[in-house]
Amino acid sequence: MSHRHSTYRSILIGLVGGAAGTLAMGQYWTRAAPLVEGSSEGDESDGGGQDQKPKPDAHSIAPLGQVHEPGESSTAALGRLAYEGVAGHAPGRQTRAALSEAVHWGMGAVSGGLYGALAGRGNPLKGAAFGVGLWALIDEGLVPLLGLQDGPAGSPARGHANRLGAHVAYGLGLGLSVLLLDAALPGD
């Protein structure tokens, strides 16, 4: 019984740590990603221009085809698809933004719960490795295969590097938060 209680505790701490990791990921996108992207002057191939109209993915690897709309993030696509499945029509612009955020934070928390179940005690390095694993398996693999984002060839190297950096930031935030929460909260 004590082992089960300990596992539940680890999962709950991981869920909270996942939210903290999601916050760290958001900070990465705000502060570090623009530095990695650099200047896009004269380089229209990276989609950096704000006035460019998004184009359909010419590099899709999805067996069932592209389900995201051009320029739509994977979290926005997933939120939109869920909404359309329930409501029977497309959500409005504000609802799309809220759904994208909900999917993003939900995935971060659930992934943190998985980390808690697998890793138990927190460790920033284990968390960073977990973040790299999420990037490789989910962001670079499953998401393009499901047609929720462009295939790997549809993004420049800087885009892949930024997504990797964001997932490392997530993992570091997750691992550190779980470590601190585990130490601060009473044990079983």
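In this predicted model, Gly108, Ser111, Gly112 and Tyr115 of helix H3 touch Tyr170, Leu174, Gly175 and Val178 of helix H5. Sorted by class, the residues of this contact are 4 nonpolar and 4 polar, with no charged residue. H3 covers residues 93-119, and its axis lies 11 Å from that of H5, at an angle of about 55 degrees. The two helices are therefore oblique, and their crossing is right-handed.

H5 also packs against helix H4. Here the axes come within 7 Å and cross at roughly 140 degrees. Angles over 145 degrees would count as roughly antiparallel, so H4 and H5 are classed as oblique to each other. This crossing, too, is right-handed. On the H4 side the contact includes Pro124, Gly127, Phe130, Leu134, Trp135, Asp139 and Glu140; on the H5 side, the residues include His160, Arg163, His167, Tyr170, Leu174, Gly175 and Leu179. The contact of H4 with H5 comprises 13 nonpolar, 6 polar and 3 charged residues.

Which residues does Ala169 contact, leaving aside its neighbours within four places in sequence? They are Gly21, Ala24, Met25 and Tyr28.

Conventions: Residues are numbered from 1 along each chain as its sequence is written. This is a predicted model: local features need pLDDT of at least 70, side-chain atom pairs count only at pLDDT 80 or more; totals for chains, interfaces and linings use all residues. Side-chain values use heavy atoms; hydrogens and water are left out. Contact means heavy atoms within 4.5 Å. Axes are lines fitted to C-alpha atoms, for helices over the stretch in contact, and angles run from 0 to 180 degrees between N-to-C directions. Helices (H or I, at least four residues) and strands (E, at least two) are DSSP runs, numbered from the N terminus. Angles under 35 degrees count as roughly parallel, over 145 as roughly antiparallel, 65 to 115 as roughly perpendicular and the rest as oblique. A crossing is left-handed if the near helix is turned anticlockwise from the far one by less than a right angle, and right-handed if clockwise. Ala, Val, Leu, Ile, Met, Phe, Trp, Tyr, Cys and Pro count as nonpolar, Asp, Glu, Lys and Arg as charged, and the others, Gly among them, as polar.
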